[in-house]
Amino acid sequence: MGAALWRAQAYPGDMLARRRRTYFVMMGICIGLFVLAWGVVRIWSVPAAVGMCVVAMLIPPVAAMVANRRGPDDRWWDDPSGDPKSDEWWDELDGKKRRP
């Protein structure tokens with residue numbers, strides 16, 4: 001994971017930083033909901049605490065989707081793969097190189 005994040009810093013602008021910040025805020029809310037649900041809310045209402053945990057359970061998948069979403073400035077589909085034959089084939093399909 002560390003290598004992927006290191007490589008991802010080459011993205012233009014603050015897109016990666018914004019996605020990271022959003023991810024950590026969402027995960028902080030998730031942990032906060034769990035702690036509040038079973039530390040405070042359960043004293044007054046167990047069903048409300050369970051409801052808060054259900055909401056908190058839905059946050060991590062959404063946070064992962066937000067963190068891994070590609071922005072309009074992200075270039076990933078046309079990065080070279082390192083295989084010259086494959087890259088030539090994909091360039092031809094994309095119309096970058098026309099054969100005579």
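## Core and patch on a helical chain

Trainee: What makes the nonpolar surface patch, and how much area does it cover?

Mentor: Phe-34, Trp-38, Val-46, Val-50, Val-54, Met-57 and Leu-58 make it, at about 630 Å². Patch residues have over 30% relative accessible area and no salt bridge; nonpolar side chains (Val, Leu, Ile, Met, Phe, Trp, Tyr) are joined within 5 Å, like charges within 9 Å. A salt bridge is a side-chain nitrogen of Lys or Arg within 4 Å of a carboxyl oxygen of Asp or Glu. Areas come from the Shrake-Rupley method with a 1.4 Å probe; for residues, only the protein chains shown count as cover. Helix 2 and helix 3 each give two or more residues to the patch. The largest share, 5 residues, is from helix 3.

Mentor: A note on the source. This is a predicted model: local features need pLDDT of at least 70, side-chain atom pairs count only at pLDDT 80 or more, and totals for chains, interfaces and linings use all residues. Residues are numbered from 1 along each chain as its sequence is written, and side-chain values use heavy atoms, with hydrogens and water left out.

Trainee: Why is Val-46 called partly exposed?

Mentor: Buried means under 20% relative accessible area, exposed over 50%, partly exposed in between (1.4 Å probe, protein chains only). Val-46 has 46% relative accessibility, so it counts as partly exposed. Val-46 lies in helix 3.

Trainee: How many helices and strands are there?

Mentor: The protein chain has 4 helices and 0 strands. Helices (H or I, at least four residues) and strands (E, at least two) are DSSP runs, numbered from the N terminus. The pattern along the sequence is α-α-α-α.

Trainee: What span does helix 2 reach, and what is expected?

Mentor: Helix 2 has 25 residues and reaches 36 Å from first C-alpha to last. The expected span is 1.5 Å times one less than the number of residues. That expectation is 36 Å, and helix 2 is close to it.

Trainee: What makes up the largest nonpolar core?

Mentor: It has 11 residues, including Met-26, Leu-33, Met-52 and Ile-59. Helix 2 (15-39) and helix 3 (46-68) each give two or more. Helix 3 gives the most, 7 residues. A core is a set of buried Ala, Val, Leu, Ile, Met, Phe, Trp, Tyr and Cys residues joined through side-chain atoms within 4.5 Å.

Trainee: Which residues does Met-52 contact, leaving aside neighbours within four places in sequence?

Mentor: Leu-33, Leu-36, Ala-37 and Val-41. Contact means heavy atoms within 4.5 Å.
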